[in-house]
Amino acid sequence: MDTDRRRGGRGRAVRVSALLACGAVVLAGCGAMPVTGDVKAVDASQPGDSQVQVYAVPPREGAAPIEVVDGFLESMTSDDPDFRTTRKYLTAQAARAWQPGEGTTVLSKAPNRNGPTIHGKERASETTYTLTGEQVAAVDAQSSYRPLAPSEYSQMLHLVQEKGADGKQEWRIDIVPDGLVLGQSDFKRLYRSVNKYYFAAGRADDRSALVADPVYVRNRTDPVTRMDTATQTVRTLLEGPSNWLRPVVDSRFPAGTALKRGVTSLAPDDQNVLKVPLNKRADKAGQGACRMMAAQVLFTLRDLTSARVGQVELQGGQGPLCSLGADEAEEFASDNGSEGPDSQYFVDEKGHVQRIPGSSKGSGEPEPVIGPLGSGTVAIGAVGVARDEEQAAAVSANRQHLYVSSLTEESEPADPVVTSRAERSADRLSAPSWDGRGDLWVADRDPANPRLLRLVGGAGEPQEVPVSGLDGGRIEGLRMSADGVRVALRVSKDGHTTLHIGRVERHGSGEDEQVSVEDLRQAAPQLADVTAVSWSGRSRLVVVGKEEGGVQQVRYVQADGSTSSSGVLPGVNQVTTIAAADDDQLPLMADTEGDGIVKLSPGDNWQTVLKKGSSLVYPG
């Protein structure tokens, strides 16, 4: 019920404080009515108003074709069980065939309906309306979101006259695309982003590599399954990873595992124990696999339910299978990091690497790191620190050489492990990044031989990693995810630098392991130029960039590319690099051209930490 459709003279949304029977109020062409909240006029599609509950209204007797089209579109934005009322706008055959769960088309605004195009000799037997708009995203049948560069959307709704139960002819839609078509604000009101978790594939220590797979589920109760939000999320977890992530992750649930028939609500009991009834396929899991299954559920639900889940108990066809407490599940959360809070590392004005202790949350006194990076003769321009904080990689100030050094013991300066042959420093090495497996990554931007390089364990011969989908673009910078299966790339092409997420695939093992980056996806298509990026947790990035013709902004972006209005952070001037930790209690840090290194703590404003210094990073 966006403003665009209301301009057509069809129903107006109001909030009412008591439950009303839809049949008691007749609104010409209005497909849905909100029934809770204070009495006042409201745009039903205003962002974030998830408390407005909207009920569908069936078409009135003798409704004109335009009323049927408007009612159908508005009804799709409602809390209509199984879309039963929504289907009343369709012919009997179309109502049976229409599949609303096939996906969701997200438009910048509610669809416009253009028409009618009249058919038939007497201009009364059939008619057509065309739905148009600007498509900005698509959600597939697996609930996976994908942002799109704005593109033209056009679909047809064909209407005919069909005899109703009372024998009268009524206009109904007989040709309709599967799935839902929603304006962006309606989509944000009806759906929420959640993370389901799987284990990184192909690791001996895969217990320590949980990977977030973001999906969108319906707020409150899903109209088709009648499941609450938590149950919908567990159902999507059991169905397996999204197609994009599937090649690099595994689920510990045996194939075919599903919730027991009839389960529509999952909630912890008064002891904070969540019992999850599964079908008999789950009985095949051994105790070790079962604990990992429970960890998948715990991590999936930990930010979702209002009551904290202290323990998950999985139940199979023959009773309880296993249980796992929230504290026990932390053994599966490790990303090979250090024991304490992550420290911050930066390059001082002399070109030496210094460290701010993690326990100080960005406020401590900097100290030189141990080894040649902290006191050597080579001036450093950028640094990257392994997640265990035992070694670091540094690019020389002229961006030509990459060095690796211990951070735990003194040593002599070592020879560079990578050297770029490019003439200009801007065409040489990017800042380095470490993944959760302990491997080091860097991009050589040499126009004559651009390469993405990986050093196993930070040592040995650099391996060139092929990247599919670059299409002539050049990697300007990269940040590896803690799980090691995704990489955020800043890619320059045609005068713009945009953000892409790639899937890191590994085949083979040991010296024969082959690694490639596959299926690049643009993660922030609304930003025409991205200056800096950092991972912030398991499925979120913090991005610095500009929209076309806009000013620089700092905002959060989900790994699937989705954003929210609350993701925009307070402004800060001329940010050149950004750094975030996996721990959201540690401050966001940024390098600026005018204010030096600044930090943003939770609930606070930006504060200057150091007037001089650059290339500040957290481990990774």
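So, cavities: searching the whole structure turns up three of 30 Å³ or more. By cavity I mean a set of points, on a 1 Å grid over the protein atoms alone, where a 1.4 Å probe fits but cannot get out. Volume here is the space filled by probe spheres set on the points, which are joined across faces, edges and corners.

Keep in mind that this is a predicted model, where local features need pLDDT of at least 70, side-chain atom pairs count only at pLDDT 80 or more, and totals for chains, interfaces and linings use all residues. Residues are numbered from 1 along each chain as its sequence is written, and side-chain values use heavy atoms, without hydrogens or water.

The largest cavity holds about 220 Å³. It has 18 lining residues, and Tyr145, Trp244, Arg521, Ala559 and Asp560 are the closest to its centre; lining means having an atom within 4 Å of a point. Strands β8 (145–163), β12 (210–218) and β31 (514–522) each give two or more residues to this lining; strands are DSSP E runs of at least two residues, helices H or I runs of at least four, numbered from the N terminus.

The second largest cavity has about 40 Å³. Among the residues lining this one are Phe72, Leu73, Met76 and Trp98.

Two of those names bring us to helix α2, residues 65–75: Phe72 and Leu73 are among its buried residues. Why is α2 largely enclosed by the rest of the structure? Because 11 of its 11 residues are buried, meaning under 20% relative accessible area with a 1.4 Å probe, protein chains only. Even Glu67, Asp70 and Glu74 are on the buried list.

Terms used:
On a 1 Å grid over the protein atoms alone, a cavity is a set of points where a 1.4 Å probe fits but cannot get out, and a pocket is an open set with protein on both sides within 12 Å along at least five of seven lines; lining residues have an atom within 4 Å of a point. Buried means under 20% relative accessible area, exposed over 50%, partly exposed in between (1.4 Å probe, protein chains only).
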